[in-house]
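This briefing sets out selected features of one protein structure, grouped by topic. Please consult the sequence and the coordinates alongside the text.

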Amino acid sequence: MDRDALIATLRREGITDEAVLAAMSAVPRERFVDDVFLAKAWENHPLPIGAGQTISQPLVVAAMTAALGVGPGDVVLDVGTGSGYQAAVLAELGCRVWGIEWVPELAARASAVLTDVGLDVDVVVGDGRLGRPECAPFDAILVAAASETVPPALLDQLRRPPVGKSDTHSSGDSGQDDTGAGSGGRLVLPLTDERGRQRLVLITRTSTGFLEEELF
């Protein structure tokens, strides 16, 4: 499968965000995979990158990125940077991306590849569950690895909603709600239940707390 075929596949799978599709077409995915997998770089499958980790399936990358709803100037935290591919897509969208990766060799390689392809992403080694409070608040946070619970530190680092009418009205007194223009930062991550099943969720910070939505 080549670049154009992958983008066509993503369209058939329901990805309609043209900005996300353009970013994924522009980012050279082959630069983020091991040489042994170069022939499969544009296939819609996850691929090993070492240290027991993988570069995520393009469909998952596209779906998570589209769910964040980010664009130029947004400040985004990429948790579990891995190969750097997801961070590259976010940076290609015009976001200011901060990355954090637990495995030092993966962090170093991702940082080098991102720099080599001309994308400005700051990647550090650390525990992604703690986020990067020194860089917060974030307009969006994307978490690659599944967990059983949502790390509280990541919720704390989401941007608060702007103070205004949409933050102060009571329910039902206008046509607005906390999911509209007055909403704050957004977090997308996979959660695992007690049976090991995964679901992808979107959590939005509102003036009254956090709103959770299951994506798939």
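Where is the place of Pro137? In this predicted model, Pro137 is located in the loop between S5 and S6. The peptide bond leading from Ala136 into Pro137 is cis, and its omega is near 10 degrees. The points below cover the loops, the sheet, the helices and the nonpolar cores.

**Loop residues**

- Arg132 is placed in the loop between S5 and strand S6 (140–143).
- With a relative accessibility of 5%, Arg132 counts as buried because the limit for that class is under 20%.
- A polar atom of the Arg132 side chain lies 3.0 Å from the backbone oxygen of Gly99.
- Apart from neighbours within four places in sequence, the contacts of Arg132 include Leu77, Trp98, Ile100, Asp122, Phe138 and Gln157.
- Val33 belongs to the loop between H2 and strand S1 (47–50), and Val33 is buried at a relative accessible area of 8%.
- Neighbours within four places in sequence aside, Val33 is in contact with Leu38, Ala41, Leu47 and Ile55.
- The C-alpha atoms of Val33 and Ala67 are separated by 24 Å, the two residues being 34 residues apart along the chain.
- Ala51, in the loop between S1 and strand S2 (53–55), has a phi near 55 degrees, a positive value in a residue other than glycine.
- Ala51 is partly exposed, with a relative accessible area of 44%.

**The sheet**

- Seven strands form an open sheet in the order S5-S4-S3-S6-S7-S8-S9, and the pairing is mixed.
- Its edge strands are S5 (121–125) and S9 (209–214), each of which pairs on one side only.
- On average, and with direction ignored, neighbouring strands of this sheet are turned by 20 degrees against each other.
- Strand S3 (residues 75–79) is largely enclosed by the rest of the structure, because 4 of its 5 residues are buried.
- S3 and S4 run parallel and are joined by 5 bridges; Val79 has Ile100 in S4 as its bridge partner.
- Strands S7 (residues 186–192) and S8 (residues 198–206) pair in the antiparallel sense over 7 bridges, with Thr192 standing opposite Gln198 in S8.
- Helix H5 (residues 104–116) lies across strand S4 (96–101) and S5, and runs at about 170 degrees to S5.

- Helix H1 (residues 3–12) has Leu6, Ile7, Thr9 and Leu10 as its buried residues.
- These residues lie on the same side of H1, because they cover an arc of only 155 degrees around the axis.
- The exposed residues Asp4 and Arg12 are carried on the face of H1 turned away from its buried side.
- Helix H2 (18–26) and H3 are among the elements that cover the buried residues of H1.
- The N-terminal end of H1 is capped by Asp2, with a side-chain oxygen 3.4 Å from the backbone nitrogen of Asp4.
- The buried residues in H2 are Val20, Leu21, Ala23 and Met24.
- Their directions span an arc of only 160 degrees around the axis, so they are on the same side of H2.
- The cover over the buried residues of H2 includes H1, H3 and helix H4 (85–92).
- Asp17 caps the N-terminal end of H2, where a side-chain oxygen lies 3.0 Å from the backbone nitrogen of Ala19.

**Nonpolar cores**

- The largest nonpolar core comprises 48 residues; Leu10, Met24, Phe32, Leu68, Val70, Tyr85 and Leu114 have the most contacts inside it.
- Helix H3 (residues 58–68) gives the most to this core, contributing 7 residues.
- Residues up to four places away in sequence not being counted, Tyr85 touches Met24, Val27, Arg29, Phe32, Ile55 and Val61.

Conventions
Residues are numbered from 1 along each chain as its sequence is written. This is a predicted model: local features need pLDDT of at least 70, side-chain atom pairs count only at pLDDT 80 or more; totals for chains, interfaces and linings use all residues. Side-chain values use heavy atoms; hydrogens and water are left out. A nonpolar core is a set of buried Ala, Val, Leu, Ile, Met, Phe, Trp, Tyr and Cys residues joined through side-chain atoms within 4.5 Å. Buried means under 20% relative accessible area, exposed over 50%, partly exposed in between (1.4 Å probe, protein chains only). Helices (H or I, at least four residues) and strands (E, at least two) are DSSP runs, numbered from the N terminus. Contact means heavy atoms within 4.5 Å. The arc is that of the directions from the helix axis to the C-beta atoms. A polar contact is a pair of N or O atoms within 3.5 Å; within protein, one must be able to donate a hydrogen and the other to accept it, and residues adjacent in sequence count only if both atoms are side-chain atoms. Two strands pair if DSSP finds at least two bridges between them. Axes are lines fitted to C-alpha atoms, for helices over the stretch in contact, and angles run from 0 to 180 degrees between N-to-C directions.
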